There are 2 protein chains.
Amino acid sequence: MYKIGVAGSGAMGGRIGLSIKEAGYDVTLIDNWEEHVNYININGAEVQTESKKYSIKIPAVLTENVSDKFDLIIILTKAMTSEMMLQQLQDKNCISEDTAILSMMNGLGHEERLSKYVPLSQIYLAVTMWTAGLRGPGQWLLEGKGSIDLQRADGKKDKCTEFILNILNEAGLNARISNDVFKSIWSKATLNSVLNPLCTILDKTIYEFGTYIEAKNMIIPLVKEIVTVAKAKNIFLDSEELLDKIESAYPKEAQGLHYPSMHQDLNNGRLTEIDYLNGQITAYGKKLNIPTPLNTMITHLIHQLEMKI
Amino acid sequence: MYKIGVAGSGAMGGRIGLSIKEAGYDVTLIDNWEEHVNYININGAEVQTESKKYSIKIPAVLTENVSDKFDLIIILTKAMTSEMMLQQLQDKNCISEDTAILSMMNGLGHEERLSKYVPLSQIYLAVTMWTAGLRGPGQWLLEGKGSIDLQRADGKKDKCTEFILNILNEAGLNARISNDVFKSIWSKATLNSVLNPLCTILDKTIYEFGTYIEAKNMIIPLVKEIVTVAKAKNIFLDSEELLDKIESAYPKEAQGLHYPSMHQDLNNGRLTEIDYLNGQITAYGKKLNIPTPLNTMITHLIHQLEMKI
């Protein structure tokens, strides 16, 4: 039977893995959080949606104990632990030359990092608009609707892409094959590179950030740096569309009352994904000789704040 | 008798005014803080130095009650209230065409703002390296040594410059006439435009800021923007020297254990002088068509934080 592993089975990894499991597939949740893995194996994965509460029996395993060979591994670790995860999965012979590696992680440059472990032709990239939350170890809060954009990392089409697409859609995850997944990845990363660090630095909700009369003038040059770097990588982003999307998060009825996830990471004593967002823009800018002073400064400011945790 | 007014008689205004008074001059302290003015008139100005504590009888007056015509007015208000002060002094006929206006304020662009009220030939600019503190209304803490650089705002030399120089030196304030006071003003403003806002944004002491391994790479591009704008205004700053001066503040034995004054302002619910530091760099950059993305972003970040007070 087609074996699927979800490497990094936190909030989002769980949402994806549990949905696929419910569609009848053989899914294993892989994670480094012992309490979480134990809870799932003893109690099942507990799911709370808008309308109901139920639990799903699903195998969960600590990364150090994983031993299966998988046909598909969905990577949903935090960006900074993805390489360690790939290394461990490789050491445990979980990856064959037929294994598809599907990254759904936030941030930029994952295809470059993952291709140190498997060829680009085995790597698939996806962007998800689903959201997910954990209420505690093994307990998910799954609300709202989303979608997934998917493409092989080298841009080529193959049977496997369609196979993955079918699995995701059987799981009700509303997926489609993209002709330009990098545009989706970069668009999402741009949104995450603006409000995430700025609200974190300022210790403000998205709404509070947006009430500053010069908020737009604050974000325009930051977005411009990202769009310029993207363009040099043949990824053509629409600045106006991105600015609109950022501003659409300000109202209290939208995401306004929330602190972005980076703020939550820092306040919970966790390192952030800044190096895969603004920090990656800075790294690309350096390589391409494109100045990115704002992304660099913002990366430094977040690293300075990380020193406090 | 030669009449001297100190407009803005807080910590630094007091230090200068009291020193001149002690040298035997006719000095009036002018301020908007009623409790402070009353305290001084009732108890005298109380001074605590490294070695002694004493009080000085000196007239203090609320700006709204000032009525004298002054020969010399030393401006040591906060940057954002200097114009209102000048307007009030003019309305009260305190300024004649022979009155020398000596600005010792921090920040940039004061000569431009003050010259809306009096001709540039009546304006003198000084940079002070003295420090000063207030322990409460009417109570000064005056420690350490300092110096003052002085020049007429239009760069010309005149008798009055020498007259002011003599007064300051009779007061033991270690003054000298500069050939390039703008270089001193911009140098000090550069220092104030780096650690002041960055430590404020990060809520870090100077030492904590300096322990970040990339601290130097963080400040170099910021200093570079300022040096470039200065150069376009024919003010030639030495980047290396400025960086050295900034870094020399990091050690705990230097200013490391302190939060900069801007941090203190914000934490005490006061607006900052950001528009006269990084904000003024941004304004000059715009006029001169020199990009200053970092100074602009930092100005926005501080204004965002000011919204919280």
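Start at Ile309(A), which sits in the segment after helix H13 (293-306) of chain A. The model on screen is predicted. With a relative accessibility of 44%, Ile309(A) counts as partly exposed.

**Stop 1: salt bridges in chain A**

Select Asp265(A) and Arg270(A). Their side chains meet in a salt bridge, with an N to O distance of 2.9 Å. Arg270(A), at 40% relative accessibility, counts as partly exposed.

Next select Lys3(A), Asp26(A) and Asp68(A). Salt bridges link these residues in a network.

**Stop 2: a loop residue in chain A**

Go to the loop between helix H6 (181-202) and helix H7 (206-210) of chain A, where Asp203(A) is found. Asp203(A) is not a glycine, yet its phi is positive, at about 55°. Most residues other than glycine have a negative phi. Asp203(A) has a relative accessible area of 40% and is partly exposed.

**Stop 3: the eight-stranded sheet of chain B**

Move to chain B and show the strands. Eight of them form an open sheet with mixed pairing, in the order E5-E2-E1-E6-E7-E8-E11-E12. Which strands are at the edges? They are E5 (60-62) and E12 (175-177) of chain B, each of which pairs on one side only. From one strand to the next, the twist averages 25°.

Now select residues 26-31 of chain B, which are strand E2. Strand E2(B) runs parallel to E5(B), and three bridges join the two. To find one residue pair, pick Asp31(B): its bridge partner in E5(B) is Leu62(B).

Then select residues 181-202 of chain B, helix H6, which lies across E8 and E11 of chain B. Helix H6(B) runs at about 45° to E8(B).

**Stop 4: the four-stranded sheet of chain B**

Stay in chain B for another open sheet, made of four strands in the order E4-E3-E10-E9, also with mixed pairing. Its edge strands are E4 (53-56) and E9 (133-136) of chain B, and each pairs on one side only. The twist here averages 30° from one strand to the next.

How do E3(B) and E4(B) run, parallel or antiparallel? Select strand E3, residues 45-48 of chain B: it runs antiparallel to E4(B), with four bridges between them. Within this pair, Glu46(B) stands opposite Ser55(B) of E4(B).

Display residues 34-43 of chain B, helix H2, which lies across E3, E4, E9 and E10 (139-141) of chain B. The angle of H2(B) to E3(B) is about 90°.

**Stop 5: helix H12 of chain B**

Select residues 278-288 of chain B, which are helix H12. Which residues of H12(B) are buried? They are Asn278(B), Gly279(B), Gln280(B), Ile281(B), Thr282(B), Tyr284(B) and Gly285(B). To see what they pack against, show helices H4 (110-114), H6, H8 (215-232) and H13 (293-306) of chain B.

After H12(B) comes Asn289(B), which has a positive phi, near 60°. For another asparagine with a positive phi, select Asn93(B), where the value is near 60°. Asn93(B) is in the loop between helix H3 (82-91) and strand E7 (95-103) of chain B.

**Stop 6: salt bridges in chain B**

Select Asp154(B) and Arg152(B), whose side chains meet in a salt bridge at 2.8 Å, N to O. In this pair Arg152(B) counts as buried, at 13% relative accessibility, whereas Asp154(B) is partly exposed, with a relative accessible area of 27%.

Finish with Asp265(B) and Arg270(B), which meet in a salt bridge at 2.9 Å, N to O. Asp265(B) counts as buried at 5% relative accessibility, and Arg270(B) as partly exposed at 39%. Over all chains, the count comes to 20 salt bridges.

Conventions
Residues are numbered from 1 along each chain as its sequence is written. Chains are lettered from A and ligands numbered from 1 in the order in which they are written. This is a predicted model: local features need pLDDT of at least 70, side-chain atom pairs count only at pLDDT 80 or more; totals for chains, interfaces and linings use all residues. Side-chain values use heavy atoms; hydrogens and water are left out. Two strands pair if DSSP finds at least two bridges between them. Axes are lines fitted to C-alpha atoms, for helices over the stretch in contact, and angles run from 0 to 180 degrees between N-to-C directions. Contact means heavy atoms within 4.5 Å. Buried means under 20% relative accessible area, exposed over 50%, partly exposed in between (1.4 Å probe, protein chains only). A salt bridge is a side-chain nitrogen of Lys or Arg within 4 Å of a carboxyl oxygen of Asp or Glu.
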